[in-house]
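Please take me through this model in the viewer, one selection at a time. At each stop, say what to select and what is there.

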Amino acid sequence: MEKDITWSDFFEDNSRYADIINGLGCAGSQLVAPEDLSELDTKKRSKTRDLIRKAALGMNFAIIGIENQDEIDYELPVRIMNYDALHYKRQATKISKEVRANSSGLEPGEYLYGFKKDSRLYPVVSFILYAGEQPWSAAESLHEIIDFQDIPETLKNMVSDYKIQVIDIRRLQDTSIFKTDVRHVFNFIRCCNDSNALVQLVSNEEYYQNVNEDAYEVISKYANTKGIINLEKFKNQNGGIDMCKGLRDLITDSKAEGHELGLNEGRAEALVHTYQKLNQPKEDAITALVDDYAIPKEDAIKLVEKYWK
């Protein structure tokens, strides 16, 4: 729930929300600007999905939802179908009120059901942003969770399917489709379990020297750096957070702590604690002990097991 709130705060910025729509829904084409987005009824929204916006597209509109997912939900197609159907129903209810308010010339069925022959609904699309550590293994369509055993093919073909759009952030191959700091946040999440890739990313991207606080809040939830990197200490003159300096100092402090103990084991303990705090795999800590402190691999494995709590 806390991560959902953090993502919701992050995507309150309409430039980021538009970036998700353009990147995922428009193949990277910049068709939706931040000013093209408007909020829907937030009271009703709070009871259902995480985020929802109405997006202007030319002379038309689309309803775009974002769901944040950290665990695999095997029933997700049903939940998303219900969310989307609710927004179609709300549109139909609004149209019904408008139709009945001007009932002259209506056919009997149009008046009875409040929907004219030429009435139309805006399309509803939901993007599920999955940031879990395990690859997404659940269904991405309704048919995948329906038991069709012994059901005739002709009857099966009459059962409507419902596909969902799951974006597995940690395994997303191309983040260049995003033009805001969505790209940098996604890249950090993608690398946060690979210390070598993370160091290379942070060192080579100027963005991480000036991270917005709401972006840092998202990053910290997945990289486990909140409370480890002192926000006030590493704020720059622009008010952003210098994660490059924060991570460098964290590593330097861990080595200094080990030197003060004056023992290989002391250095190992400090380094292992740092890797664990950064949510890095044990294997990377073992490699660092072997490469940086010339500790035999067998001993490095024992030390990591000893101090990894």
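Predicted model: local features only at pLDDT ≥ 70, side-chain atom pairs only at ≥ 80, totals over all residues.

Select the five strands, which form an open sheet in the order β1-β2-β3-β4-β5 with mixed pairing. The edges are β1, residues 37-39, and β5, residues 165-168, each of which pairs on one side only. On average, neighbouring strands in this sheet are turned by 30 degrees against each other, ignoring direction.

Next, select β2 and β3. Their pairing is antiparallel and runs over seven bridges. Leu51 is placed opposite Ile66 of β3. The two strands make a hairpin with two residues between them, and Gly58 in the turn has a positive phi of about 65 degrees.

Now colour β3 by accessibility: eight of its ten residues are buried, so the strand is mostly covered.

Move on to β4, residues 124-130, and β5. These strands run parallel and are joined by four bridges. Which residue of β5 is the bridge partner of Phe127? The partner is Gln165.

**A helix across the sheet**

Select helix α2, residues 14-25, and leave the sheet displayed. The helix lies across β1, β2 (51-57), β3 (60-69), β4 and β5, and it runs at about 100 degrees to β4.

Show the side chains: α7 contributes Val185, Phe188 and Ile189 to the contact, and α9 contributes Ala215, Val218, Ile219, Tyr222 and Ala223. How many residues of the contact of α7 with α9 are nonpolar, polar and charged? Eight are nonpolar, with no polar and no charged residues.

**Helix α12**

Select residues 282-293, which make up α12. With twelve residues at 1.5 Å a residue, this helix should span 16 Å, and its end C-alpha atoms are 16 Å apart, so the two values agree. Its buried residues are Asp284, Ala285, Ile286, Ala288, Leu289 and Tyr293.

Finish in α4, residues 76-101, by selecting Thr93. Is Thr93 buried, exposed or partly exposed? Its relative accessible area is 34%, and buried means under 20% while exposed means over 50%, so Thr93 is partly exposed. Draw a C-alpha to C-alpha line from Thr93 to Gly114: they are 8.0 Å apart in space and 21 residues apart in sequence.

The last stop, also in α4, is His87. At 5% relative accessibility, His87 is on the buried side of the 20% cut-off. Apart from neighbours within four places in sequence, His87 contacts Leu40, Arg49, Ile52, Ile63 and Val124.

How values were computed
Residues numbered from 1 in each chain as written. Heavy atoms only, no water. Pairing = 2+ DSSP bridges. Axes fitted to C-alpha atoms, helices over the stretch in contact; angles between N-to-C directions. Contact = heavy atoms within 4.5 Å. Buried < 20%, exposed > 50% of the residue type's maximum accessible area, 1.4 Å probe, protein only. Nonpolar A, V, L, I, M, F, W, Y, C, P; charged D, E, K, R; others polar. Expected span 1.5 Å × (residues − 1).
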